[in-house]
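Here are my notes on the model you sent over.

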Amino acid sequence: MARRQGLSVRLRLTLSYAGFLAVAGALLLAVVWGFLLRYVPDNSQGLLGIAPNRYLLVRTFAPAAAVAMVFLLVFGLAGGWVLSGRMLAPLTRITAAARTAGSGSLSHRIRMEGRRDEFRELSDAFDTMLEQLESHVAEQRRFAANASHELRTPLAVTRTLLDVAHKDPTRDRGELVERLQAVNSRAIDLTEALLLLSRSDRGNITHERVDLSLLAEEAAETLFPLAEQRGIRLDVTGAPARTGGSAELLLRMVTNLVQNAVVHNLPQGGTVTVHTEAHDHASVLRVENTGRPLPPELVPTLTEPFQRGTERVRTDEHAGVGLGLAIAHSVVRAHDGTLDLVPRPDGGLLVTVRLPGTP
């Protein structure tokens with residue numbers, strides 16, 4: 001936005017300092033005149049016939065007072081300019097850092113030294129904002145690159161199948177159509193997951209009363225055939241855990257967590273336990289499953305988009321797109337909650353979701 005050029009803050013502070021000193025000097029002279037000189041007799045003999053009269057004192061005092069006023073004004077301007085420059089130096093550094101960040105360089109930090117004051121607090125807050133912004137931008141770029149790669153894969157497979165069909169007209173059309181449907185279905189699932197992730201990241205959600213225990217039962221009922229097919233026991237326990245938010249997004253979050261626990265489990269004889277409870281003004285959902293041991297360094301990355309881990313990638317019909325835990329984490333964050341992942345010592349994962357509770 002275009003603005004008219006005005007006086008700088010340093011110049012205004014300088015004029016303020018000089019004006020304050022001039023006013024203080026004028027008040028001091030007024031006090032001297034009002035409480036001292038007016039009591040001196042204005043006659044030729046002066047006070048008791050031995051002191052100078054008022055006329056002589058004024059003639060002697062006025063030039064000195066004028067010199068003192070000029071000195072105060074000059075001293076106020078010079079001293080105010082120096083002091084204001086020293087005081088505004090941190091603000092100059094913050095402005096330079098803001099311009100650097102505005103040009104696209106988010107790696108610069110102010111790191112202002114010295115004791116804590118208003119400028120240091122502003123500097124620290126600005127550094128924190130830049131750090132979060134840099135992390136967010138890097139995450140978005142990484143997400144865009146991964147999404148482009150994931151979306152390119154089904155399109156490339158589709159093109160390959162069509163090229164093969166074009167070069168070999170005698171090829172079985174039914175097999176081709178079936179494979180194209182599978183690839184297209186995977187692309188649609190990926191697109192819907194990306195749209196859902198974008199929606200939950202925006203935080204544009206409706207607020208209604210939701211019971212996590214009912215959502216857990218609904219998700220378990222939906223995924224029970226999948227668990228039964230894989231020979232996994234799926235149990236839902238606990239008490240009502242009421243919170244506020246979007247029932248649709250929270251159901252998707254619970255479903256993703258339970259499906260993730262079912263898919264990434266033991267080949268046979270695995271278990272998945274879903275537990276809900278209200279604890280310390282919070283609604284808690286725990287999803288625990290058996291499975292292979294997970295490296296501790298892998299667990300924090302599982303909530304990032306497309307981060308599935310080498311040992312967690314499935315090659316069957318439930319391979320997924322690597323967005324299940326990312327969507328769950330985004331939904332929890334949009335509802336002002338927390339999602340914690342803890343690897344179990346015997347293998348598997350314990351996922352704990354804490355959302356603000358409602359009475």
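**Notes on the fold**

1. Let's start at V287, which is buried, with a relative accessible area of 2%. "Buried" here means under 20% relative accessible area, "exposed" means over 50%, and "partly exposed" is in between, with a 1.4 Å probe and protein chains only. V287 lies in strand β5, and helices (H or I, at least four residues) and strands (E, at least two) are DSSP runs numbered from the N terminus.

2. Before going on, a word on where this comes from: it is a predicted model, so local features need pLDDT of at least 70 and side-chain atom pairs count only at pLDDT 80 or more, while totals for chains, interfaces and linings use all residues. Residues are numbered from 1 along each chain as its sequence is written, and side-chain values use heavy atoms, with hydrogens and water left out.

3. What does V287 touch, leaving aside residues up to four places away in sequence? The list is L257, V258, A261, V272, T273, V274, L349, L350 and V351, where contact means heavy atoms within 4.5 Å. V236 is 51 residues from V287 in sequence, yet their C-alpha atoms are 9.3 Å apart in space.

4. Now the strand itself. β5 covers residues 282–289 and is mostly covered, with six of its eight residues buried. On one side, eight bridges join β5 to β4 (residues 271–279), and the two run antiparallel; strands count as paired if DSSP finds at least two bridges between them. A278 has S283 of β5 as its bridge partner, and T273 stands opposite E288 in β5. The β4–β5 hairpin has two residues between the strands, and D280 takes a positive phi near 50° there.

5. β5 also pairs with β7 (residues 349–356), again antiparallel and through eight bridges. V287 stands opposite V351 in that pairing. As a reminder, side chains in a regular strand alternate between the two faces of the sheet.

6. Zooming out, which order do the strands of the open sheet follow? The five strands go β2-β4-β5-β7-β6, with mixed pairing. β2 and β6 (338–343) are the edge strands, each pairing on one side only. Neighbouring strands are turned by 15° against each other on average, direction ignored. For these and later angles, axes are lines fitted to C-alpha atoms (for helices, over the stretch in contact), and angles run from 0 to 180 degrees between N-to-C directions.

7. Two helices worth a look pack on this sheet. α5 touches β2, β4, β5 and β7, and its direction makes about 170° with that of β2. α7 touches β6 and β7, at about 140° to the direction of β6.

8. The parallel part of the sheet includes β2 (residues 233–238) with β4, joined by six bridges. L234 has V272 in β4 as its bridge partner.

9. Next, α6 (residues 247–263). Why call it largely enclosed by the rest of the structure? Because 12 of its 17 residues are buried; among them are L257, V258 and A261. Its length also checks out: at 1.5 Å a residue the 17 residues should span 24 Å, and the end C-alpha atoms are 24 Å apart. That expected span is 1.5 Å times one less than the number of residues.

10. α5 (residues 212–229) and α6 have axes that come within 9 Å and cross at roughly 35°. The contact includes L223 and L226 of α5 and V254 and V258 of α6. Its residues divide into 13 nonpolar, two polar and one charged, counting Ala, Val, Leu, Ile, Met, Phe, Trp, Tyr, Cys and Pro as nonpolar, Asp, Glu, Lys and Arg as charged, and the others, Gly among them, as polar.

11. α6 and α7 (residues 324–334) also have axes that come within 9 Å, crossing at roughly 145°, and this crossing is left-handed. Residues of the contact include M253 and L257 of α6 and I327 and V331 of α7. They divide into nine nonpolar, three polar and one charged.

12. Finally, the whole protein: seven helices and seven strands, with buried residues making up 33% of the 359. Of the contacts with a separation of 6 or more, 69% come from residues 24 or more positions apart.

Notes
Left-handed = near helix turned anticlockwise from the far one by under 90°.
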